[in-house]
Amino acid sequence: MTTPLPERAGRRCHNVLNPLHSTHYFSPDLGRELAAVGVEDPGAAYLAVRAAALGPVGAGVVTATFYNFRHELVARHVPAVWESASPSVVLAARARAVDATLRRLLGEEVLAAEELTEAAELALRAAEACARTARPLYAAHADLPVPDEPHLALWHAATLLREHRGDGHLTVLLDAGLDPVEALVSHTATGKGMAPKWALRTRGWTRHDWDAAEERLRKRGVLDSEGELTETGVALRQEIENETDRLDLAPYEHLGAAGVERLTELGGALLATLLAAGAFPEGMLGKG
């Protein structure tokens, strides 16, 4: 008989694998590789590398699939960025950046270890059970080939699992009646989301947009007068995560309890190495 997954096991596994995917967004290697192919603006670089798997899409598609970016910011860079570098060129540049970033942050000894190959195999096995239906970012990345080198294969699998969960999460946000800014504000209020200054700078919203979203959430009973989550708000954010877990259960059930536990252990060790190497900017998360 199959051992049932412990509660939130999939979420814990996601939480250690997702940062592995995200390292390249904050890496100087990405800026260098994208600049070399004609994409010099950091905002354009992020939009391009994450959307490239979709093909040369317009701003509307990117805004829809990314959810919490201001459309005017997206339209400033897309589709113009594809005139500088086609999606295939961007994907190749991203692969070089990911390779350089992981080699620098993890070190060659970690990359050559059997544990990394094991993690890649487990993550790819989990991703076999991901579903394309209504998950455009996952589906686009699932059509890309799996890299040969274990560290890149692990990164690819982490990307598939991240986008699969992310696509489902957007469905839950819509059902919860949270618009893009309200989703950001309420997530930040949990203490686990992006700090307001970081969200405003990278997502294109203004302070007025943020304040207006806070006011809407106060009227709804999600935030109190100090901008903290009320009991209603805590319950709402918890339900959002629980429903996201439910929609994202298939890959972890497919891997099985023992496999998920082992992948979480291996991913946690890699995450600790990444954090020790300074992979992420200080002050990116939190309420401040």
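A: Begin with the ground rules. This is a predicted model, in which local features need pLDDT of at least 70, side-chain atom pairs count only at pLDDT 80 or more, and totals for chains, interfaces and linings use all residues. Residues are numbered from 1 along each chain as its sequence is written, and side-chain values use heavy atoms, with hydrogens and water left out.

Q: Which residues of helix 2 are buried?

A: Helices are DSSP runs of H or I with at least four residues, numbered from the N terminus. Buried means under 20% relative accessible area, exposed over 50% and partly exposed in between, with a 1.4 Å probe and protein chains only. In helix 2 (residues 28-36), the buried residues are Asp29, Leu30, Glu33 and Leu34. These residues lie on the same side of helix 2 because they cover an arc of only 120° around the axis; the arc is that of the directions from the helix axis to the C-beta atoms. Pro28 and Ala36 are exposed, on the face turned away from the buried side of helix 2.

Q: What do the buried residues of helix 2 pack against?

A: Contact means heavy atoms within 4.5 Å. The buried residues of helix 2 pack against helix 3 and helix 7. Helix 13 (residues 196-203) can be read in this way too: Pro196, Trp198, Ala199, Leu200 and Arg203 are buried there, and the buried residues of helix 13 pack against helix 3 (42-51), helix 5, helix 12 (180-189) and helix 14 (207-219).

Q: Which residues of the largest nonpolar core touch the most other members?

A: A nonpolar core is a set of buried Ala, Val, Leu, Ile, Met, Phe, Trp, Tyr and Cys residues joined through side-chain atoms within 4.5 Å. The largest one has 38 residues, of which Leu17, Leu106, Leu154, Leu161 and Leu263 touch the most other members. Several helices supply at least two residues each, including helix 1 (9-22), helix 7 (87-106) and helix 17 (257-276). Helix 11 gives the most to this core, with eight residues. Apart from this core lies another, of 29 residues, among them Val39, Ala45, Ala59 and Val78.

Q: Is arginine 237 buried or exposed?

A: Arginine 237 counts as buried because its relative accessibility is 6%. The residue is found in helix 15 (residues 231-247). A polar contact is a pair of N or O atoms within 3.5 Å; within protein, one must be able to donate a hydrogen and the other to accept it, and residues adjacent in sequence count only if both atoms are side-chain atoms. The side chain of arginine 237 makes such a contact of 3.0 Å with the side chain of serine 186, and reaches the backbone oxygen of alanine 183 at 3.4 Å.
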